[in-house]
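I opened the notebook to look through this structure part by part, and I put down here what I looked up and in what order.

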Amino acid sequence: MKLTLKIWRQKSIDVKGAFVRYPVEDVDPEMSILECLDVLNETLILKGESPVAFEHDCREGICGSCGFVINGIPHGPERATTACQLTMRHFKEGDELTLEPWRAKAFPLIKDLVVNRRALDHIVEAGGYISVSTGQAPDGNDILIGKEVADQAMDAAACIGCGACVAACPNAAAALFTGAKIAHLSTLPQGEPERERRALAMVAQMNAEAFGNCTNIGECTAACPKEIPLDVIAKMNRDYLCGSINRRDDLPIPVAPVVG
Amino acid sequence: MTLDAKIPSGPIEQAWDKACFDMKLVNPANKRKHSLIVVGSGLAGGSAAASLGELGYNVKCFCFQDSPRRAHSIAAQGGINAAKNYPNDGESVFRLFYDTVKGGDFRAREANVYRLAQISGKIIDQCVAQGVPFAREYGGSLSNRSFGGAQVSRTFYARGQTGQQLLLGAYQALERQVHAGSVTMVPRTEMLDLVVVDGRARGIVARDLVSGKFSVHIADAVVLATGGYSNVYYLSTNAKGSNATAIWRAYKRGALFANPCFTQIHPTCIPVSGDYQSKLTLMSESLRNDGRIWVPKKKGDPRPPNQIPEDERDYYLERKYPSFGNLVPRDVASRNAKVLCDEGYGVGKTGLGVYLDFCDAIKRLGEKVVRERYGNLFEMYQRITDEDPYKVPMRIYPAMHYTMGGLWVDYELQSTIPGLFVLGEANFSDHGANRLGASALMQGLCDGYFVIPYTVANYLATNKFPKVEESNPAVQEAIAAAKTRIDKLLAIKGKRTVDSFHRELGKIVWDYCGMERTAAGLEKAIGLIRALREEYWKDVTVAGTADDLNESLEKAGRVADHFELAELMCIDARDRNESCGGHFREEYQTAEGEAQRDDEHYSYVAAWGYKGDNAPPELVKEPLEFHYVHPSQRSYK
């Protein structure tokens, strides 16, 4: 089939960008949208034009590298599907697809559909871990964790850090991402000792980056390719509130944000 | 040149403890005076950088992705082995060791494998403590399953995302050290050369993939954990960015490359659907626990699978290997599928596929149980193929998946260049000629968390590290070489894209150095690869410039290295006149068509040394000795 890709082209953050329309022929319904871009890029390279820059790596929906907004929806119209697994059979002859990068102040553009998501690493750096050094661990079965608890932790831990939640949010908040890590670790007994401190530190870093505030709209969970539930945000807020009441003075200071 | 593997003397059970005691330590106050470079942030690199940072070294960790959490370890689905024996089913350190040596078809080094089995339990403990949400029983204990041909249940897992969860554990440990200031993370940066000063690895040349700027990083030792080279084949289950450049540059600087022809083809992947295909998707091997593999008994049977009656189906693995059935090791399952498809029994529109059928499992266990066990995999299959595996059997075909070969390392994971350590899939050491399922995650974490912290200390404590200035001729030469290469690629301005060359190269390697190899085929492949490489350097076109984000340029450099490595793979495969594990030479098979090893002549590690672009590589042999597991013909019948 034939269709048109209307793609945001911008050489770098310092120059103005614009949409450019590219007709693509011989689109096979079984190819992914990334493979469709591969085909387009091959023709652009042979014509001496600059290929469309887009982020991708594993192409099986788990690394979290890929993602752009397709017709207004991060990762496109299919539920629980990353762009790399979105096949073209969901579109039809003559369709025009609009592709644009994640738009959020905390994700400065690098080129075309590629943005800088280091702010998400900073949030984890601030406290998204259990402080255990190599070699300090007791036997794996010393801490019994019921299946339901382990499953809940796993539901939250499934986040791939792609940033679609931020792109979907009208406020460009990173609450679902941050909440997912906090809920994963706080649900487990191993994460309990640092629970409040973790929430305070991670939320402080989230606020220091240029993310907006959460107003419980829920676009994030609807766009999430891993269907991270909205209740992780409630868990984050709870831990943050408890932490604020029991606040200690030695909390870490946020690192310099990506966008100052 | 002779190779000293530095295997500790004495009983194998005490070898690692003895080595740990014999190795020198670095005083805690001196650790921060030592700088270390870790290239790669997957299970091996991430865990190494975190653990070394915790000890107090000054660590710089590099990855080409935008974040260390993207490393391809993340895509491992099935699980991680450990000799915990929680299920009380006969597991032991010795059994895991035994199975791994046997599974590797007696081409791995016993001492390394024993250490891996010994440490395996501690890995699980560490990951649990980090908060990795492993599957649990209702009573709260860790769940285990049997996996990939093992007769005991030793595999720990986190749904179908074990690699992801283990990697996030290592990533979080790494970010904790970034926060503590002991690790500096350098993402979106690619290593382009190794700096060797006075015979020792002292740093790397790197290129910032966004600005295109070159930089030199000097350290006391360099740790490579850059994964494998499956992408030589173009189509593989590896991530698109996975590449061999770091290990190949190290090879060209003097590190020996061991067993390059030992590659693993995974039996259960979604078949290729068209020419545009950019990568292959793996369906976890755990599916073989309940799925039954078959092809129609009639060649080219046009009927849909559900209309083919039971007695007209050939459940060929169950027929040929009654005791292991569908759970035979990967190399055996893959080759059988290939042979049947080549004979014309294949299914699907390309004829390159076999059925993996859950119909009996659903009858026996009910759809609910099947959904619980494999739901996410079934969904993934349906998303890609638009077919419902609860109703129609899956179609699967083997695909390139893992490379057992890699840079040669001794027991301390040090390459033949002093100060260059190699971990995880990037080294050759633990899997011999075939890796068992759920062993790669174990090896990556074993190397990173528990081996390198000891062995690197020994190296640092026993050597002096004079300051290396950027003006040092060796540094200048390495930067110039990296820059020249980039300029050369951009200057060709030919008529073919990098991808078109890469596809063609991949097809040659897949056809002649894939699941079945012959001396004549390999000879032909070497000629084809050389000719294509020559054409590449004359006719490739690379878009854009060197001063901004340019994926076309990144790929061009990686594919140039893949050409050279592909040739070495074929040379190694041609030289090894036997069949073992994933290396199946058609000339050497038993009467039943199984791999026929030649222990008398080939019980060695083939380590190849670079002698110049136009000179043949030099073969150095490390003889393998088996004191604990007696080599036997593998039989899964």
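**Strand pairing and the sheet**

I began with strand β2 (residues 58-62) of chain B, which is joined to β5(B) by 4 bridges, the two running parallel. For the terms, I took strands (E, at least two residues) and helices (H or I, at least four) as DSSP runs numbered from the N terminus, and I took two strands as paired if DSSP finds at least two bridges between them. Within this pair I found B:Val59 opposite B:Val183 in β5(B).

**Confidence and numbering**

I noted that this is a predicted model, in which local features need pLDDT of at least 70, side-chain atom pairs count only at pLDDT 80 or more, and totals for chains, interfaces and linings use all residues. Residues are numbered from 1 along each chain as its sequence is written, while chains are lettered from A and ligands numbered from 1 in the order in which they are written. Chain B averages a pLDDT (the predictor's confidence in each residue, from 0 to 100) of 96, and 100% of its residues score at least 70. The model scores ipTM 0.98 and pTM 0.97.

**Chain B against chain A**

I looked up the interface next, where 62 residues of chain B are in contact (C-beta atoms, placed from the backbone, within 7 Å) with 63 residues of chain A. Among the elements giving two or more residues to the chain B side are α3 (43-55) and α16 (551-575), while the largest share, 9 residues, comes from α6(B).

**B:Phe257**

Is B:Phe257 buried or exposed? I found B:Phe257 in strand β10 (residues 257-258) of chain B, and B:Phe257 counts as buried because it has 29 C-beta neighbours inside 10 Å; the cut-offs within 10 Å are 20 or more other C-beta atoms for buried, 12 or fewer for exposed, and partly exposed in between. Leaving out residues up to four places away in sequence, I listed its contacts as B:Tyr251, B:Leu407, B:Trp408, B:Leu568, B:Ala607 and B:Trp608.

Terms used:
Contact = placed C-beta atoms within 7 Å.
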